[in-house]
Amino acid sequence: MAHLVTKALVLREVNYKESDKILTVLAQGQGKRTVKAQGCRRKNSPLAAAGQLLVFSDMTLYDYQDRWALKEAATAEEFRGLRGDLEKLALGTYFAEVCEAVSQDGVETPGLLSLILNSLYALDKLDKPPKVVKAAFELRLCCLAGYEPLVDGCAVCGEENPDRPRLNLSEGVLHCEKCRRELGDGGISMPLDGPSLTALRYIAYGDPKRLFSFQIPEKSLDLLAGAAEGFLLTQLERGFRTLDFYKGLM
């Protein structure tokens, strides 16, 4: 019987039969995996904590009838601060749904597990506005998933610091307001300003270990947040029910 020892974060949980769960996990070095947690809903089950959404654990899996099953688990981080705050929990659940959407079964996307863990930690422990964490997560995830925006200068005239900069959501390029027509029918673009462009560049090109270490005025943060969300939804060509729920709380 094949065994797999790994660290994994639960992205989704679905109740199954009377006492089981089917988990979707993002596993270190493994990408996305579907795991059956047998009996984890029973009272005093040793798998109960590890079988919850947004819990990170050391897991021992075994291959049973062509399906991974959870044999043992020791929780490493439960992100308890999220569970008492509906807004933060909703945002964390959105992060999980996005990661599930972009990850592949059995194929690791380098940096993805670290990104969501760091983002959940920022919501849980750091004194950062959720809007900052959300924008940084969305933009950095696009970079990891192969949709890195080109924002070092205007895609038309090459100006490094464009006058009234905009991010084209479908092409993923920066351009000046005056160069907008030169891109042709390239889809919707979102306005930026100096501070929001600086933050966008920091998120896309900076040290991922210091992802949230930037300061930005509230007005500029609104521009960054709009561009980040719009870019992710456009590139992935879909919406997210968890995002709709989160925005419904605002």
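Me: Which residues do ring pairs link into a cluster?
Reply: Tyr94, Phe95, Phe137 and Phe240. A word on ground rules: this is a predicted model, where local features need pLDDT of at least 70 and side-chain atom pairs pLDDT 80 or more, while totals for chains, interfaces and linings use all residues. Residues are numbered from 1 along each chain as its sequence is written, and side-chain values use heavy atoms, leaving out hydrogens and water.

Me: How many aromatic pairs does a search of the whole structure find, and how is such a pair described?
Reply: In general, you give the distance of the centres and the angle of the planes. Rings of Phe, Tyr and Trp (its six-membered ring) pair if their centres lie within 6.5 Å; planes under 30 degrees apart are stacked, over 60 edge-to-face, the rest tilted. The search here turns up four pairs. Tyrosine 94 and phenylalanine 95 have ring centres 6.1 Å apart and planes at 45 degrees, so that pair is tilted. With phenylalanine 95 and phenylalanine 137, the centres are 4.1 Å apart and the planes at 25 degrees, so they're stacked.

Me: Which helices hold phenylalanine 95 and phenylalanine 137?
Reply: Helices are DSSP runs (H or I, at least four residues), numbered from the N terminus. Phenylalanine 95 sits in α2 (residues 86–102) and phenylalanine 137 in α4 (residues 130–144), so the pair ties together parts 42 residues apart in sequence.

Me: Is phenylalanine 95 buried or exposed?
Reply: Buried means under 20% relative accessible area, exposed over 50%, partly exposed in between (1.4 Å probe, protein chains only). Phenylalanine 95 has 0%, so it's buried. Phenylalanine 137 is buried too, and tyrosine 94 is buried at 0%.

Terms used. Helix = DSSP H or I, 4+ residues; strand = E, 2+ residues; numbered from the N terminus.
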